[in-house]
Amino acid sequence: MALVGAMLGAAGGGWINDTYGRRKSTLVADVLFALGSLVMCASRGPNMLILGRLLVGLGVGIASVTAPVYIAEAAPSEIRGGLVSTNVLMITGGQFFSYLINLGFTEVPGTWRWMLGVAAVPAVVQFVLMLFLPESPRWLYWKDEKAKAISVLEKIYDSDRLEEEVELLASSSMHEFQSGCTGSYLDIFKSKELRLAFYAGAGLQAFQQFTGINTVMYYSPTIVQMAGFTSNRLALLLSLVVAGMNAAGTIVGIYLIDRCGRRRLALTSLSGVVVSLVILAMAFILQSSSSFCLNTLNSTCQGALGWFAVAGLALYIAFFSPGMGPVPWAVNSEIYPEAYRGMCGGMSATVNWVSNLIVAQTFLSIVGWVGTGLTFLIIAGIAVLAFIFVAFYVPETKGLSFEQVELLWKERAGGNQGSYQSLSVAAA
């Protein structure tokens, strides 16, 4: 139900962003999340618990659209990718600390109520802090509140850079839209350039999920136990290590994304993901083969294969987290025109949550049908398709302004990538 709520929140979050702004959208997300946490904590039955999960999901869905866009629109282009990736670090770091916090609450009376209720605290803190932050300068400019937009930009840039940024805003295609006028969902599919941008963004979001990251995060204790580590405590401890590596890898991604570029980082990441998934698959296939290990050495052999599987799991996280973790969110925050940024971002985030739900609900069933090894081979095959998709369809946006990215898609829609090539060289 949390994932269903996130799907609905992401779908509506784009419209809320474009209509009411990034700041108010964040405040709405905080209220929904905090309320949902408190409802879960106070639940007296399953129906109330489900309602709380739905409210939390709505908050998560809206926030998943809003945070990357808000950060990107306030960030200088040369560090935009790293700052948007910091949002991913907060997510992966939060997953790690949630393991620690929940582990601590296992020794407290009313265990699960504390686990669910304490989640309201960061939402309340963010709500209070957001009251002191300004609205996105680009959204303000688009809504014809130019004085407020320039006032916000003055807090970000020095005088020389400020003039350049204001000129970019003034010369951009945003002047085509009047205050209070937003694009429609149909426009996205009528316009070839918007359609190309959306397919690139939504494709990245879908492949992020279908290459298995939340399979690993949701089921890492189960996977570790499948690998032969039957102790619950050891399985949870190894899962904590996986979550820690995920957060640490995101930090590496923050450093690399504005240096290596989004496209190159994603391709490198997917290459490593394919190799690690094949290692995982082979470990499980060999473990299930009765003829692989001699009977006299079966126990030792099975233990070695178990650690081989854990090594594959660790390698997967090491490659996925710096690349395919932050890249889809960074790209989606910068490839759409202002009038459609919230709308397209919401649709792409919805694709992410739908894919997330499909993976979460089918992984263990597929394992039951074809076995763990073949399941990971299937995911490896999807990762190969993801590599091809990124190589042929996703452009490099490193160092480009929003206006240059718009030009990039216009050139692609017209079948002319010459200007795009020159933009990429200039940005590099």
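**Figure 1. An aromatic cluster in the predicted model.** Phe189, Phe198 and Tyr199 belong to one aromatic cluster. Rings of Phe, Tyr and Trp (its six-membered ring) are paired if their centres lie within 6.5 Å; planes under 30 degrees apart count as stacked, over 60 as edge-to-face and the rest as tilted. The structure holds 10 aromatic pairs. The model is predicted, so local features need pLDDT of at least 70 and side-chain atom pairs count only at pLDDT 80 or more, whereas totals for chains, interfaces and linings use all residues. Residues are numbered from 1 along each chain as its sequence is written, and side-chain values use heavy atoms, with hydrogens and water left out.

**Figure 2. Two stacked aromatic pairs.** Phe105 and Trp114 form a stacked pair, with 5.8 Å from centre to centre and 15 degrees between the planes. Phe105 counts as buried because its relative accessibility is 16%, while Trp114, at 48%, is partly exposed. Buried means under 20% relative accessible area, exposed over 50%, and partly exposed in between (1.4 Å probe, protein chains only). Phe389 and Tyr393 form a stacked pair as well, at 5.5 Å centre to centre and 25 degrees between the planes. Both Phe389 and Tyr393 lie in helix 18 (residues 372-393), 4 residues apart, about one turn of the helix. Helices (H or I, at least four residues) and strands (E, at least two) are DSSP runs, numbered from the N terminus. With a relative accessible area of 18%, Phe389 is buried; Tyr393 is partly exposed, with 24%.

**Figure 3. Charged side chains over aromatic rings.** The charged end of Arg341 sits over the ring of Phe402, 4.1 Å from its centre. Lys143 lies over the face of Trp142, at 4.6 Å from the ring centre. A charge sits over a ring if NZ of Lys or CZ of Arg is within 6 Å of the ring centre and within 35 degrees of the ring normal.

**Figure 4. Asp144 in the loop between helix 7 and helix 8.** Asp144 is placed in the loop that joins helix 7 and helix 8. Although Asp144 is not a glycine, its phi is positive, at about 70 degrees.

Figure 5. Arg161, Leu162, Glu165 and Leu169 are buried in helix 9. Seen down the helix axis, these buried residues fall within an arc of 105 degrees, so they line one face of helix 9. The arc is that of the directions from the helix axis to the C-beta atoms. Helix 7 (137-142) and helix 8 (146-154) are included in what covers the buried residues. On the other side of helix 9, Ser159, Asp160, Glu163 and Ser171 are exposed.

**Figure 6. Packing of helix 6.** The buried residues of helix 6 (residues 120-130) include Ala120, Ala123 and Met130. Viewed down the axis of helix 6, its buried residues fall within an arc of 95 degrees, so they line one face of the helix. These buried residues pack against helix 2 (22-41), helix 3 (46-74) and helix 5 (111-117). Pro122 and Leu129 are exposed on the face turned away from the buried side of helix 6.

Figure 7. Ala11 is found in helix 1 (residues 2-20), and Thr350 lies in helix 17 (residues 338-370). Ala11 touches Tyr185, Gly346 and Thr350, not counting residues up to four places away in sequence. Thr350, leaving aside its neighbours within four places in sequence, is in contact with Met7, Ala10 and Ala11. Contact means heavy atoms within 4.5 Å. Thr350 counts as buried because its relative accessibility is 17%, whereas Ala11, at 36%, counts as partly exposed. Ala11 and Ser348 are 337 residues apart in sequence, with 8.6 Å between their C-alpha atoms.

**Figure 8. The protein chain as a whole, for orientation.** The protein chain has 20 helices and 0 strands. Of its 428 residues, 51% are buried. Among contacts with a separation of 6 or more, 81% are between residues 24 or more positions apart.
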